Amino acid sequence: MAGTDSGNLKTVRLWRDAALRARKLRSNLLQLTLSAAGGCPGTDQLDSPDAPQLVLPANIGDIEVLNLGNNGLEEVPDGLGSALGSLRVLVLRRNRFARLPPAVAELGHHLTELDVSHNRLSVLSAEVVSALRELRKLNLSHNQLPALPAQLGALIHLEELDVSFNRLAHLPDSLSCLSRLRAVDVDHNQLTAFPWQLLQLAALEELDVSSNRLRGLPEDISALRALKILWLSGTELGTLPSGFCELASLESLMLDNNGLQALPAQFSRLQRLKMLNLSSNLLQEFPAALLPLAGLEELYLSRNQLTSVPSLISGLGRLLTLWLDNNRIRYLPDSIVELTGLEELVLQGNQIAVLPDNFGQLSRVGLWKIKDNPLIQPPYEVCMKGIPYIAAYQKELAHSQPAVQPRLKLLLMGYKAAGKTQLRHCLTEDRVEGNQGGEDKKSHPPSPPPVSKGIEVTSWTADASRGLRFIVYDLAGDDSYEVIQPFFLSPGALYVLVVNLATYEPLRFPTTVGSFLHRVGARVPHAVVCIVGTHADLCGEQELEEKCLDIHRQIALQEKHDAEGLSRLAQVVDEALARDFELRSASPHAAYYGVSDKNLRRRKAHFQYLLNHRLQILSPVLPVSCRDPRQLQRLRDKLLSVAEHREIFPNLHRVLPRSWQVLEELHFQPPQAQRLWLSWWDSARLGLQAGLTEDRLQSALSYLHESGKLLYFEDSPALKEHVFHNLSRLIDILNVFFQRDPSLLLHKLLLGTSGEGEAESRGESSPLMAPPAPSQDALRATQLHHYVEGFLLHGLLPAHVIRLLLKPHIQAQQDLQLLLELLEKMGLCYCLNKAKGKPLNGSTAWYKFPCYVQNEVPHAEAWINGTNLAGQSFVAEQLQIEYSFPFTFPPSLFARYSVQINSHVVHRSDGKLQIFAYRGKVPVVVSYRPAKGVLQPDTLSIASHASLPNIWTAWQAITPLVEELNVLLQEWPGLHYTVHILCSKCLKRGSPNPHAFPGEMCSGVKKQSPLWGDGYQRVAAKGELLSQPRPEGVAEIICPKNGSERVNVALVYPPTPTVISPCSKKNVGEKHRNQ
Ligand SMILES: Nc1nc2c(ncn2[C@@H]2O[C@H](COP(=O)(O)OP(=O)(O)OP(=O)(O)O)[C@@H](O)[C@H]2O)c(=O)[nH]1
Ligand SMILES: [Mg+2]
C-alpha cells in the first residue's frame, strides 16, 4: 500500500492520511452503519450506565461493510454471525468490548478487515483469533492488551497490523511467520528491545515502533530492505548501528526525541530519503552525512544544540521544509538563499542577529518563523512581517545610508504618590548634559515636584557619549488616568514599576505591584519590567530588606499562580482535543462541548503563547532614595545596563535605514508638526517624501511608536488609521479631562470664561458651542460649578464648557471640533445628541465620558419595555453572551466599550456598571460585574431578549456589540478571557448560576508586538459557537444544569455563523492598502 504513488509523498503524515482515506473509500462495497437507539447528538450514551442495545435489521445478508463504531457496545447484536453471510469489513471501534465477541469467529471465513480499536480489550481469545484466517487488516490499537496470542501467526494473509497504544512487552514468536505483513504499528507499548520477530518480515514497508524504550537497534535491522517508512520517535536511542545505513529503500524516517549526538558516516547511503526528522536530539553539529542526501525534501532539526549551518546546505536543492528552531545558531550561511524551493523555514529561538543578503530569493517561503532571535539587521519588526518585507528592507538599505539612533522608551508606572515624578526629576536633572527636557533645571538636593500634572513625557539623554536617549513617560498613578494609560503601554519599552517602600506593606502588594504587572502583561506580553522602591531614606535597613524581599516573593507567587492556572486550562484543552469532535459534540457535559478541533487548536496555541510570553521581571527590587545621589547614580547605571543588553533590547543596537530617520524628521516639521494627529494617508505622503513606499511605512511607524516618538496603534482596528505624532499636545489635552479634581476644573473654567464676551462679539460662536447667556460672575461661577458636578458624577459636559476647559489648547476656531473628534476617536467620550454626520440644528452638543459615570444603575425610564434581565421571569427568551476574565480585567474596558457601542444603539441609559439601550426596537443590556474573590471573576455581558420565533432579532441586536468588544480586546494580546452563551432556560428560571455553553475562542491574539510577539496573527476574535454553523439535524440541546431540560438550538447558536466584520468600515483603508 505504500507503493504506487509514493513518488509524490511529502510527509509520512500525508501519506498516512491518504492511506486512511483509501481505507474509507470502500465505495464499491455494500455498507451499513448502525447507531444505538436514541443516539442522536445531544444525548450522551457513553456516560449513561446502561449499555445500549442494537438490533440488526432484517435482510442484511448482502452487507459487506458493517460499522458499529461509537455505540458504547459491550456485546455485538444477536445473530450477527449468522445474519451476515457476505461481510468482509467489520468496524467495532470506540465501544466497550472487553473481549473479542465470539460471534466474530463465525465471520472468520470471509472477513478481511476487523477494527476493534479504542475498546477495553485486555485479552484476545485464541479461538476467535485463529478463526479469522482470511484477515488482511487488523486494528487492535488503543486497548489494554498485555500480550498477543501465538495464534496470530496463523493469520497468514495479514498485511496490516495495528497494535499501538497497548501494554505489550513482547511480541509472539509466531509473528515472524506473517510474511505478507507490509505495515506494522507497535508504537506506544512497553517493549524494551527491538522485537527480533520483525526482522523476519522481508515485505515490511511501514513500521512504527515509537514510544517504546528500545535503547538501541540490532545491527541486522538491515534485513528490512523493503522498509520505506520507519518511525523511531522517542525510543531512547543513543546511536544508530551501521547496519541501519543499509535500509536503502527508506523514504521517511522519524528519529525525533532520542539521544542522538551524531549520525553514522554511512548515513548518506540512504539516498532515497525524502523526509527526515531529527528534532529533539543532542546534535551539536549539523550532521555532515546529511549533505549528500540530494533528494531530501523535508528536514527537521528543531530542538538540538546546533551552533551553525554549513554553507554546503545549498546542495540540498530539493528541500521544501527546513526546521532549525530552538538551537543555538548564531548566523546563517549566505548560501541558504540558494534553497529557492523552500516553502517552510523555521528559525525561531536561535541567536541569529543578522540575516544574509538577498533573502528575497526565498520568495516561496510561506511558513516563516523567526521570533526569539536577537535580530538587528533587518530589524525585528521587519523580519516578523515576512520575506517580502525583508527583501524590500534589504533593497532599501542598499540604496540609503544607514543611520544609528539609540533611543528607548522608558515608562514609569506605579501607584499614586509612589515617587515616579520625583524619580524622573532626580534621574534626569542631576546631570546637566542629560537634560533634554527643557523645563528641568539642575538642582541638588532635588526640589519637590509640583502637584501631579498628570501624564508627562520628557526626553533624557542618559549617556551622551553613546548618544543613548530615553524618552521617559511618567504615567500618573491616580485611578482617573486608568482609561488613558493603556494607550502609552507599548512593546519594546522598558517598564519601571515604582513602589513607595515607606508605605508598602505586604497587604498592599495587589494594589501597588500585582495589578500593575497584570496590566502590563495583558497589554504587552513579554515586556521587560524593573521594580524600583523609592523612599528608601524613610526606611530602616532591616525594614528595607524585608519589604524588598516580600515584593520579590509575592511577585514570584503571583507569577506561579498565573502560570499554573494557564497550564491547567491548557491541559483541559488538550484533554478535549484528545477526544474526537464527535464525542465532544455528543454531550453538553463535555468540556468544550461542540467546539471544533480547529478552534481548540487555536485556543491551545494562545495558551502556549501566553505561557511563553510571561513578563520579563528583572530582580531584585532596586531600592533608592531620591535624596541620595549615589543611589541615584547606581539606579541610572542599572537602567543603562539593562537598556544596553543586546538580547533584551536589540532595537537599541541596530542600524536603521536613513529613510526612517527622514520620516521621523518630517513628522516633526511644520506644518504637520502643529497638527493634532495625522491620518494614515498623511503619514504615507510623508513616507513617500522620505523615499518609503506604503508597504514599508508600517515598519517605520511601529519603530517610531516603540521608541516612544509617537503613538501609532497598529494593533487597534479602531485607531490604526491615525498617527498621533504631537505627543505633548495630545497629553496636555488628555490631562485636562482626567485630572478628577473639582477645584482645579472649576479654576480652569473660570480662567476660560475670562474674555468670553470678546469671542462672542467677534461672532465666533457656532451652534456646536452655543455659549452660556452672559450673566454676573457669581451666577456664572455657580453655573460652572454645576457643570463640574455633572461631569464628575455623570460624565456629562456640553461642548461650550469643554471649550472653556480647553481654552489654552485652542488656537484656531476649528480646533475644538478637532479635539472633540480626537477624544471620540480614542474612545474616551461620545456625543450624546449628535447623530453621525448630521448637524445639530443650533442646539448644544453634549458629551458623555463613561469613565466618570458614578450612578450604580442606569435610569430605569430608558428601559421602557424591558424588565430586569437578571432576576424576573420573562415570557421572552433571553440571550446573554458572557465574557469572563479570570486573571485580570483591562482597566476601564467597560468605559471604552461604552463609547465603542454608541454608534450601534439608541435610547441608551448608562450606569457605572450597566447600560440599557436599544438596537432599533430590540432591547440590549451591557453589564460589567467586578470580581468577587477568586471564585467569581470579572465578567462583561451583552444581553437581549425576544420571543423564540423572533430570537434572530436578539442575535442581530447583540452581534455587532460582540464584534465591537472583540475589536477592543485585540488591544490586549496578553489577556486571557473566555466567552460563553448562558443557558436561556436557566436565565428564565432566575438561576444564580446559569449553565454556560462555550461560545468563545482564544482571546483573539491579533498581531503580536513586533518586538516580542511570535508574529502569529490573531484572527478576529469570535465566539466558537458564534463562529460555527448550527449542527445539522439538532433541534434542542440538553442543559446539563437541569438534566432533562432542553434548550432550543436557536438560543445557543446564531442563525448563521457570525461573519465577523470587525469594524469593516474602519478597515477600508487597510484593505485598500493591502491591495
Ligand atoms: N523622602 C523621600 N520622599 C520622596 C522620595 N521620592 C518621592 N518622594 C516624595 O513623595 C511624594 C510623591 O512623589 P511623586 O513623585 O509626586 O509621586 P508620583 O508617583 O509621581 O505620584 P502621582 O503622579 O500622583 O502618581 C512627593 O512629595 C515626593 O517629594 C524619596 O525617595 N524619599
Ligand atoms: Mg507624578
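Close-up 1. The model shown here and in the views below is predicted. The buried residues of α12 are L632, L635, R636, L639, L640, V642 and A643. Because they cover an arc of only 160° around the axis, they fall on the same side of α12.

Close-up 2. Helix α12 is made of 16 residues, 629-644. How far apart should its ends be at 1.5 Å a residue? The helix should span 22 Å, and its end C-alpha atoms are 22 Å apart, so the two values agree. At the start of α12, a side-chain oxygen of D628 comes within 2.8 Å of the backbone nitrogen of R630.

**Close-up 3. The surroundings of ligand 1.** There are 17 residues around ligand 1, and K420, T421, Q422, G477 and D537 come nearest. By type, the residues of this shell divide into six nonpolar, seven polar and four charged. Which side chain has a polar atom 2.8 Å from a nitrogen atom of ligand 1? The side chain is that of D537, a residue also listed among those that come nearest to the ligand.

**Close-up 4. Backbone contacts of ligand 1.** Two further contacts involve the backbone. A polar backbone atom of A417 is 2.8 Å from an oxygen atom of ligand 1. A polar backbone atom of C626 is likewise 2.8 Å from an oxygen atom of ligand 1. Ligand 1 taken alone exposes 650 Å², and the protein buries 82% of that area.

**Close-up 5. Two cis peptide bonds.** Most residues other than glycine have a negative phi, and most peptide bonds are trans. A cis bond joins S619 and P620, with omega at about 0°. P620 belongs to strand β22, residues 616-623. A cis bond also joins P670 and P671, again with omega at about 0°. Where does P671 lie? Its place is in the loop between α13 (658-667) and β24 (678-679).

**Close-up 6. Two serines with a positive phi.** S211 is not a glycine, yet its phi is positive, at about 50°. This serine is found in the loop that runs between β8 (206-208) and β9 (229-231). Is S211 buried or partly exposed? Its relative accessibility is 30%, so S211 counts as partly exposed. S892 is not a glycine either, and its phi is about 60°. S892 sits in the loop between β29 (877-885) and α22 (893-900). Its relative accessibility is 18%, under the 20% cut-off, so S892 counts as buried.

**Close-up 7. Helix α14 and the glycine just after it.** Helix α14 covers residues 680-689, and its buried residues are W680, D682, S683, A684, L686 and G687. Just after α14 comes G691, which takes a positive phi of about 90°.

**Close-up 8. H552 in helix α9.** H552 has its place in helix α9, which covers residues 541-578. With a relative accessible area of 36%, H552 is partly exposed. H552 and I531 are 21 residues apart in sequence, and their C-alpha atoms are 9.2 Å apart in space.

Close-up 9. I942 lies in strand β33, residues 938-946. Its relative accessibility is 0%, so I942 counts as buried. From I942 to A957 there are 15 residues along the sequence and 9.8 Å in space, C-alpha to C-alpha. L237 has its place in the loop between β9 and β10 (252-254). L237 is also buried, with a relative accessible area of 0%. How far apart in space are L237 and G216, C-alpha to C-alpha? The two are 5.3 Å apart in space and 21 residues apart in sequence.

Conventions. Residues are numbered from 1 along each chain as its sequence is written. Chains are lettered from A and ligands numbered from 1 in the order in which they are written. This is a predicted model: local features need pLDDT of at least 70, side-chain atom pairs count only at pLDDT 80 or more; totals for chains, interfaces and linings use all residues. Side-chain values use heavy atoms; hydrogens and water are left out. A residue is near a molecule or strand if one of its heavy atoms lies within 4 Å of it. A polar contact is a pair of N or O atoms within 3.5 Å; within protein, one must be able to donate a hydrogen and the other to accept it, and residues adjacent in sequence count only if both atoms are side-chain atoms. Accessible areas come from the Shrake-Rupley method with a 1.4 Å probe; for residues, only the protein chains shown count as cover. Ala, Val, Leu, Ile, Met, Phe, Trp, Tyr, Cys and Pro count as nonpolar, Asp, Glu, Lys and Arg as charged, and the others, Gly among them, as polar. Helices (H or I, at least four residues) and strands (E, at least two) are DSSP runs, numbered from the N terminus. The expected span of a helix is 1.5 Å times one less than its number of residues. Buried means under 20% relative accessible area, exposed over 50%, partly exposed in between (1.4 Å probe, protein chains only). The arc is that of the directions from the helix axis to the C-beta atoms.
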